[in-house]
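Open the model in your viewer and keep the selection panel at hand.

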Amino acid sequence: MTPFGTTADGRAVDQIALASGDLTVNLLTLGAIVQDVRLAGVAHSLTLGSDRLADYESTMRYHGALIGPVVNRLAGAQAVIAGKTHHFEANQGNDIMLHSGAAGTQFKIWQIADHGPTHATLTLDLTAGEGGFPGNRHVTARFTVSPPATLSLDLTVTTDAPTIVNFANHSYWNLDGTDCWNGHSLRIAADHALPTDDDFVATGEIAAVADTPLDFREARTIRVGAPLLDNNWCLSDAPQPLRDVLWLRGQSGVMLTLATTCPGVQVYDGRAAIRPGKTHHEGLAIEAQDWPNAPAHPTFPSITLNPGDTYARQTVWRFSR
């Protein structure tokens, strides 16, 4: 563990280095950010990060972060929880909550509960009422690196009152180290995806991907704008045992295989996610998650968490050349 810097409001941020086999991963206590991912024999980081803390406090506020308590968008910036309507910060337009607004866990300093050469456990306590979310919640995120080149994230959340929970790691990936992800190959093991409205909010429709641009059941090369990507693919209608769900391959031959217990995965083309000195579409955000905007749609898997229950999700990234 080494000091990484101090935020504009005076909070100290540490960097944690993990390594095993052919993989080295750097984490930050700010936002539980995955800052750097290095595969032996590859000259560049596979994820889009920065060595400057100020970047993460400005245009890179979502890069690599563990976003919660509710990732993605909520229509109307509200949700009915245990029969009561709760209102949240509308930080996209006038009536949409994106990534939990200012109460998002991506802006918080996580505590280091335990760490060693190959693992780190970060924890966070969220206070009832912050950002409009009910329940005092305890969040635990355990990152582990294992051979030959695997990064695992095990996440749990408990609460003392009914609340809503939907976490996702928001790392951007470019396996070639290029200025744009053009030419990567993508495969997603999903028969359905969620259409969105003009504000990228899930409409409630669960649409078959067959014969549409969102059909990635067979691996195919992707290009900017063909199609636009900012959708959730429906992997299942409830959390499942860990299974491989997405495969991304760069033109260099570097490959990422994503496994998760989550019922959904969001892929975003990075059209508005710009690192300082870089440009649009540098990386693809791949977010294992529960389905977005679920409180508005009873047919979606519920994201309600009740006292006595534990929200538990696992995501695993495996890299190869």
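Select S152 first: S152 is buried, at a relative accessible area of 12% (buried means under 20%, with a 1.4 Å probe and protein chains only). This is a predicted model, in which local features need pLDDT of at least 70 and side-chain atom pairs count only at pLDDT 80 or more, while totals for chains, interfaces and linings use all residues. Residues are numbered from 1 along each chain as its sequence is written, and side-chain values use heavy atoms, without hydrogens and water.

S152 sits in strand β13 (strands are DSSP runs of E, at least two residues, numbered from the N terminus). Show its contacts next (heavy atoms within 4.5 Å): leaving out residues up to four places away in sequence, S152 touches R142, F143, T144, T315, V316 and W317.

Now turn to the cavities (sets of points on a 1 Å grid over the protein atoms alone where a 1.4 Å probe fits but cannot get out; lining residues have an atom within 4 Å of a point). Two of them reach 30 Å³ or more, a volume being the space filled by probe spheres set on the points.

Select L153, A168, N169, A288 and T315, the closest to its centre of the 15 lining residues. Then colour β27 (311–320), which gives the largest share of this lining, five residues.

For the second largest cavity, about 60 Å³, select lining residues including N72, R73, F200 and Q266.

Methods:
1 Å grid on protein atoms, 1.4 Å probe; cavity = no way out; pocket = protein on both sides within 12 Å on 5 of 7 lines; lining within 4 Å. Helix = DSSP H or I, 4+ residues; strand = E, 2+ residues; numbered from the N terminus. Buried < 20%, exposed > 50% of the residue type's maximum accessible area, 1.4 Å probe, protein only.
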